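Welcome! Please take a moment to look over the sequence and the 3D view before reading on.

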Amino acid sequence: MEYITLKNTDLRVSRLCMGGCPLGGHGWGNIQDENLINAVQEAFENGINFFDTADTYGLGKSEELLGKSLEGKREKVVIASKFGVRVENGKTFYDNSPQWIQTAVESSLRRLKTDYIDLYQIHYRDGKTPLSVVVDKLEELKKKGYVRYFGLSNIHEKDIKELQEFKGVFASFQDEYSLACRKNEEDINYFAENIGLTPCTWGSLGQGILTGKYDKNTAFQTNDRRSRDIYVNFHGKKLLKNLEIVEVMKKISNDVGRPLSAIAIRFILDYLPQSVVLAGAKNAYQVRANSEAFGWKLTQEQLNMLDKISK
């Protein structure tokens with residue numbers, strides 16, 4: 001395992017972070033809680049000490065399951081969660097108000113069975129609460145010991161002006177990035193270099209398309225979110241392009257003797273050397289495959305091959 005210290009913090013984290021969306025159990029097909037708990041424990045055994053979740057994943061179930069899975073290990077792990085997405089009466093909306101942050105953090109702490117959250121992140125900006133107001137509230141929570149550090153998620157070019165005033169305040173930011181999705185690469189590099197944040201990539205396996213398990217004839221059931229057109233990696237021309245990327249990955253996989261998921265993760269680790277890769281897992285087997293991204297590096301020729309096919 002490789003480790004990195006998040007910017008503006010003393011948090012030493014594994015460069016592979018276990019993403020908590022599958023732990024919520026919603027929209028990922030048939031998932032068993034026992035397998036998810038085993039996945040978290042396998043991650044810990046493989047040197048992963050960084051676990052990311054959000055209050056909206058499974059409407060709290062992800063946090064509950066993560067808290068249960070990490071009982072007895074709290075001092076040895078870094079837990080990140082997110083706030084800002086509310087679901088009420090079947091409607092989803094964003095809320096960054098101080099009142100909601102207070103409610104959200106108390107609920108997250110209870111579900112996670114912990115007294116503090118190491119990294120508390122704004123899931124989405126609500127478009128109305130000034131960032132200064134959000135930061136003031138987070139600083140208050142920090143003084144009370146509820147959270148240790150702050151992070152951002154889903155930020156883009158439009159957010160640059162607002163964030164310029166808060167250099168040194170936030171530790172990290174999350175954005176979608178993988179061999180199947182490089183549209184945010186310029187934004188990621190800008191925030192890392194100019195705002196001084198550690199990039200954390202979500203969707204690092206392209207929602208699974210980069211694992212090599214799927215082809216153009218794959219059909220997902222309705223209980224799997226990837227059946228919806230909004231998950232573009234599995235539909236139309238985007239799917240066909242992704243399968244071309246997978247073919248190149250297979251050649252490299254054969255050369256290095258590592259699974260495709262490890263190739264996808266290693267590309268990000270090498271291409272964005274100061275980054276953390278988030279990857280969810282539904283069972284221990286997937287965690288082990290993802291962990292094979294460590295202990296080696298892609299050659300420059302292999303990086304160039306992947307860079308070329310994925311652009």
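Some ground rules come before the tour. This is a predicted model, in which local features need pLDDT of at least 70 and side-chain atom pairs count only at pLDDT 80 or more, while totals for chains, interfaces and linings use all residues. Residues are numbered from 1 along each chain as its sequence is written, and side-chain values use heavy atoms, with hydrogens and water left out.

Let us start with helix H8, residues 260–271. Helices (H or I, at least four residues) and strands (E, at least two) are DSSP runs, numbered from the N terminus. H8 has twelve residues and reaches 16 Å from its first C-alpha to its last, close to the 16 Å expected at 1.5 Å a residue; the expected span is 1.5 Å times one less than the number of residues. Eleven of its twelve residues are buried, so H8 is largely enclosed by the rest of the structure. Here buried means under 20% relative accessible area, exposed over 50%, and partly exposed in between (1.4 Å probe, protein chains only). What covers the buried residues of H8? The cover includes strand S3 (16–19), helix H7 (236–256) and helix H10 (300–309).

A nonpolar core is a set of buried Ala, Val, Leu, Ile, Met, Phe, Trp, Tyr and Cys residues joined through side-chain atoms within 4.5 Å. The largest has 85 residues, and Phe51, Tyr120 and Leu138 are among those with the most contacts inside it. H8 gives the most to this core, with eight residues. Another core, of 14 residues, lies apart from it and includes Ile4 and Val276.

Next comes helix H2 (residues 61–69), where Leu66 is found. Leu66 counts as buried, at 1% relative accessibility. Setting aside neighbours within four places in sequence, Leu66 is in contact (heavy atoms within 4.5 Å) with Leu23, Val40, Phe51, Thr53, Ile79 and Leu112. Ser62 also has its place in H2, and Ser62 is buried with a relative accessible area of 0%. The side chain of Ser62 makes a polar contact with the side chain of Thr53 at 2.7 Å. A polar contact is a pair of N or O atoms within 3.5 Å; within protein, one must be able to donate a hydrogen and the other to accept it, and residues adjacent in sequence count only if both atoms are side-chain atoms.

How many disulfides are there? A disulfide is a pair of cysteine sulfur atoms within 2.5 Å, and the count comes to zero. The sulfur of Cys200 is 6.8 Å from the closest cysteine sulfur, in Cys17, which is too far for a bond. Cys17 is buried at 0% relative accessibility, and Cys200 is buried at 2%.

We finish with the aromatic rings. Rings of Phe, Tyr and Trp (its six-membered ring) pair if their centres lie within 6.5 Å; planes under 30 degrees apart count as stacked, over 60 as edge-to-face and the rest as tilted. The count comes to nine aromatic pairs. In one of them, the rings of Tyr94 and Tyr124 have centres 4.7 Å apart and planes at 5°, so the pair is stacked. Tyr94 is partly exposed, at 36%, and Tyr124 is partly exposed, at 28%. Phe220 and Phe234 form an edge-to-face pair, 5.1 Å centre to centre with 90° between the planes, and both Phe220 and Phe234 are buried.
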